[in-house]
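Here is a walk through one protein model, written for someone who would rather look at the structure than read a list. Keep the viewer open and follow along.

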Amino acid sequence: MPFTANRYFKTHPLILEGAQGMYYQARDGRQILDGIAGLWCCNAGHCHPRITAAIQAQAARLDYATAFQLGHPAAFELATRLADLAPAGLEHVFFTNSGSEAVDTALKIARAFHQHNGEPQRTRLVGRERGYHGVGFGGISVGGIENNRRLFGPLLPQVEHLPSTHLPARNAFSRGQPAHGVELADELEVMVAAGEPDTIAAVIVEPVAGSAGVLVPPPGYLQRLREICDRHGILLIFDEVITGLGRLGAATAADYFGVRPDLMTLAKALTNGTVPMGAVLVDAHIHNRFMQGPEQAIELFHGYTYSGHPLAAAAALASLEVYADEGLFARARELAPIFEEALHQLAGAPHVIDVRNLGLMGAIELKPRPDAPTQRAQAVFREAFEQGILIRTTADTIALTPPLIISEAQIGQIVETLQGILQRLD
Ligand code: PLP
């Protein structure tokens with residue numbers, strides 16, 4: 001099982017057998033309130049009838065079609081919808097089956113672009129400490145989570161990492177964007193100056209780091225990264241696998257922060273979690289550099305058997321319609337201050353050393369038990385599940401990222417349950 005203590009699981013299995021709306025159904029029949037949208041995926045809640053129906057209809061109409069030299073309508077329609085939804089300029093889409101594949105695809109497109117653009121020496125890639133970009137070799141190379149890299153070296157060469165924006169000593173218990181740390185973006189200038197001129201291909205960051213525990217950038221940080229990239233001909237990639245499609249109360253984090261990347265990855269909520277799918281959105285100026293040479297020549301030697309899979313495309317189209325028709329991005333924006341207020345009620349609870357939030361992303365960081373890091377948070381996870389609430393923990397941080405359909409009362413229920421658990425926990 002992925003990222004799981006397999007032996008412990010065998011003796012303590014947690015099995016989900018059904019889902020509807022805000023709830024999972026556990027094997028023993030209990031309803032479990034989903035505080036994490038599955039895994040930052042199910043923004044419209046579970047088993048949405050319109051999405052289910054679209055998948056069923058597509059399965060009966062066209063089960064599979066290769067995207068190599070052939071096409072089908074849903075994939076093109078989806079590409080058009082995504083281009084409409086994305087910041088201006090991100091007009092072209094490449095479909096993958098996961099966030100990890102989207103990241104590796106984006107990194108490859110970035111390097112190939114510089115080849116086409118007469119700068120083949122631009123091969124260095126810059127990620128960020130505590131960044132999570134999936135588990136492909138590209139993703140773990142630019143990613144900055146030590147446990148995900150430790151046993152798999154050597155990884156991609158010519159990769160460097162910006163410092164994380166997480167500054168607990170200065171920013172703990174910030175509401176929304178923290179005040180300090182904009183200068184951390186300047187490290188990119190230092191990297192530029194330290195290497196051979198014009199050798200950095202791309203910088204990849206999550207606008208808000210999710211998997212490492214909801215690390216929110218300070219105001220101006222992403223703008224500054226954009227400015228430095230522009231000054232030095234570096235492509236900026238936003239990994240929006242978590243932040244894309246409503247999590248911050250806007251279509252994308254690029255919109256939310258007013259910073260336009262050159263490439264953007266999406267996955268997870270793209271299909272509301274129902275059918276695996278990822279996507280890379282590419283700026284027209286990058287795409288157009290590939291469209292040269294003989295018309296019959298393949299422009300990008302890259303792709304997946306299931307790129308643009310009909311079921312995934314149908315699920316994504318239906319998901320985007322549901323997000324729009326139910327006004328879910330606006331709903332997330334309206335709920336964000338309520339979510340913030342509720343989360344920060346945990347600031348004084350035992351063991352809590354930080355509370356962070358932006359949009360409908362939140363984290364409560366606990367002081368680790370001496371000599372037993374992660375155990376305290378895992379105990380909260382198990383106890384919360386017992387009490388009918390699904391949370392996620394990463395190290396000693398509790399992450400909360402509910403479906404965008406969550407009610408105020410349900411937010412209150414999650415926070416009250418956690419408050420009770422923390423009061424009794426050792
Ligand atoms: N990028 C980010 C920012 C993610 O949060 C994730 C998954 O959590 C990924 C990439 C990888 O996505 P997947 O697990 O679909 O490969």
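This is a predicted model: local features need pLDDT of at least 70, side-chain atom pairs count only at pLDDT 80 or more; totals for chains, interfaces and linings use all residues.

**Two domains**

Let's start with the overall layout. The chain splits into domain 1, made of residues 6–48 + 327–424, and domain 2, which covers 52–325.

How many residues of domain 1 are in contact with domain 2? There are 34 of them, and they meet 30 residues of domain 2. On the domain 1 side, several elements supply at least two residues each: α2 (37–40), α14 (328–344), β11 (352–358), β12 (361–366) and β15 (397–400). The largest share of that side belongs to α14, with 7 residues. Sorted by class, the side of domain 1 that touches domain 2 has 19 nonpolar, 10 polar and 5 charged residues.

**Around the ligand**

Now move over to the ligand. Its shell holds 14 residues, and the closest are S98, G99, S100, G134 and V241. Which helix gives the largest share of this shell? That is α5 (residues 99–116), with 3 residues.

Next, the helix packing. Two packed helices are described by the angle between their axes and the distance between the axes. Here are the pairs side by side.

| Helix pair | Axes come within | Crossing angle |
|---|---|---|
| α3 (49–61) and α13 (310–325) | 8 Å | roughly 155 degrees |
| α4 (73–85) and α13 | 9 Å | roughly 40 degrees |
| α14 and α16 (408–424) | 9 Å | roughly 20 degrees |

Take α3 and α13, whose axes cross at roughly 155 degrees. Because of that angle, α3 is roughly antiparallel to α13. Their crossing is right-handed. From α3, the contact uses R50, I51, A54, I55, Q58 and A59, while α13 brings P310, L311, A314, A315, L317, A318, S319, E321 and V322. By class, the residues of this contact come to 11 nonpolar, 2 polar and 2 charged.

Helix α13 has another partner in the table, α4, and the axes of α4 and α13 cross at roughly 40 degrees. This crossing is left-handed. On the α4 side you'll find A74, A75, E77, L78 and R81, and on the α13 side P310, A313, A314, A316, L317 and L320. The contact of α4 with α13 has 9 nonpolar residues, no polar ones and 2 charged ones.

That leaves α14 and α16, with axes that cross at roughly 20 degrees. An angle like that makes α14 roughly parallel to α16. The crossing is right-handed. I338, F339, A342 and L343 of α14 pack against E408, I411, G412 and V415 of α16 in this contact. Its residues divide into 6 nonpolar, 1 polar and 1 charged. Recall that α14 also gives the largest share of the side of domain 1 that touches domain 2.

Most residues other than glycine have a negative phi, and most peptide bonds are trans. Where does C47 sit? Look in the loop between α2 and α3. C47 is not a glycine, yet its phi is positive, at about 50 degrees.

The other spot is the peptide bond from G153 to P154, which is cis, with omega near -10 degrees. You can find P154 in the loop between α7 (146–149) and β6 (159–162).

Key
Residues are numbered from 1 along each chain as its sequence is written. A residue is near a molecule or strand if its C-beta atom, placed from the backbone, lies within 6 Å of it. Helices (H or I, at least four residues) and strands (E, at least two) are DSSP runs, numbered from the N terminus. Domain bounds come from an automatic or database domain assignment. Two residues are in contact if their C-beta atoms, placed from the backbone, lie within 7 Å. Ala, Val, Leu, Ile, Met, Phe, Trp, Tyr, Cys and Pro count as nonpolar, Asp, Glu, Lys and Arg as charged, and the others, Gly among them, as polar. Axes are lines fitted to C-alpha atoms, for helices over the stretch in contact, and angles run from 0 to 180 degrees between N-to-C directions. Angles under 35 degrees count as roughly parallel, over 145 as roughly antiparallel, 65 to 115 as roughly perpendicular and the rest as oblique. A crossing is left-handed if the near helix is turned anticlockwise from the far one by less than a right angle, and right-handed if clockwise.
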